[in-house]
Amino acid sequence: AMERVRKADAIGSGLEALLHIAVAPESPLREHLRCLESSPQPDVDDLRWLLGVSAVEIGDAEDASSDGLAKVKDEAMNVTVRVDRAPGCKCGRCWVYSSSVGGCDAHPTLCERCSVVVEALNADSLQAA
């Protein structure tokens with residue numbers, strides 16, 4: 001689905017994408033996705049980082065009202081993946097599209113995650129000086 005969207009020039013990068021993954025509740029794939037989604041270190045191992053997109057939503061049933069930019073269904077695995085444009089603006093540091101960009105007055109071009117990191121790095125620099 002992602003390659004189809006890229007080839008159609010609907011998005012230029014995977015980070016512009018939001019993936020909706022609809023998996024049957026009884027599917028073993030669902031449990032695997034939930035494990036990946038609930039990583040103990042979500043800032044680096046979260047499912048969105050592993051898939052190279054800005055956001056991932058896992059649901060029980062596909063949203064029949066929208067085909068998004070692309071939709072692919074695999075009957076054998078009982079999974080549907082829909083690609084949409086990620087909400088929000090592009091972070092100037094990590095390039096992820098996020099609704100949290102601009103939420104920090106001190107770092108208006110950064111997402112919440114990057115604002116916290118930059119503040120911590122600035123605090124470390126001041127302590128080292």
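## Salt bridges

A search of the whole structure turns up four salt bridges, a salt bridge being a side-chain nitrogen of Lys or Arg within 4 Å of a carboxyl oxygen of Asp or Glu. This is a predicted model, in which local features need pLDDT of at least 70 and side-chain atom pairs count only at pLDDT 80 or more, while totals for chains, interfaces and linings use all residues. Residues are numbered from 1 along each chain as its sequence is written, and side-chain values use heavy atoms, leaving out hydrogens and water.

Let's start with Glu3 and Arg6, whose closest N and O atoms are 2.3 Å apart. These two are three residues apart in helix α1 (residues 2-7), so about one helical turn separates them. Helices (H or I, at least four residues) and strands (E, at least two) are DSSP runs, numbered from the N terminus. Glu3 is partly exposed, at 45% relative accessible area. Here buried means under 20% relative accessible area, exposed over 50%, and partly exposed in between (1.4 Å probe, protein chains only).

Another salt bridge joins Glu16 and Arg85 (3.1 Å, N to O). Glu16 sits in the loop between α1 and β1 (17-23) and Arg85 in strand β4, so the pair ties together parts that are 69 residues apart in sequence. Glu16 counts as buried at 17% relative accessibility, whereas Arg85 is partly exposed at 44%.

## Cysteines without disulfides

How many disulfides does the structure hold? It holds zero, where a disulfide is a pair of cysteine sulfur atoms within 2.5 Å. For Cys89, the closest cysteine sulfur is in Cys91, 10 Å away, which is too far for a bond. Cys94 is in no disulfide either, and its nearest cysteine sulfur, that of Cys114, is 3.7 Å away. Cys94 is buried, with a relative accessible area of 16%, while Cys89 is partly exposed at 46%.

## Two buried residues

Now take a look at Val79, which lies in strand β4 (residues 79-85). Val79 is buried, with a relative accessible area of 8%. Not counting residues up to four places away in sequence, Val79 touches several residues, including Ile21, Val23, Leu29 and Val72; contact means heavy atoms within 4.5 Å.

His107 is found in the loop between β6 (97-98) and α5 (112-128). Is His107 buried or exposed? His107 is buried, at 13% relative accessible area. Leaving aside neighbours within four places in sequence, His107 is in contact with Ser115, Val118, Glu119 and Asn122.
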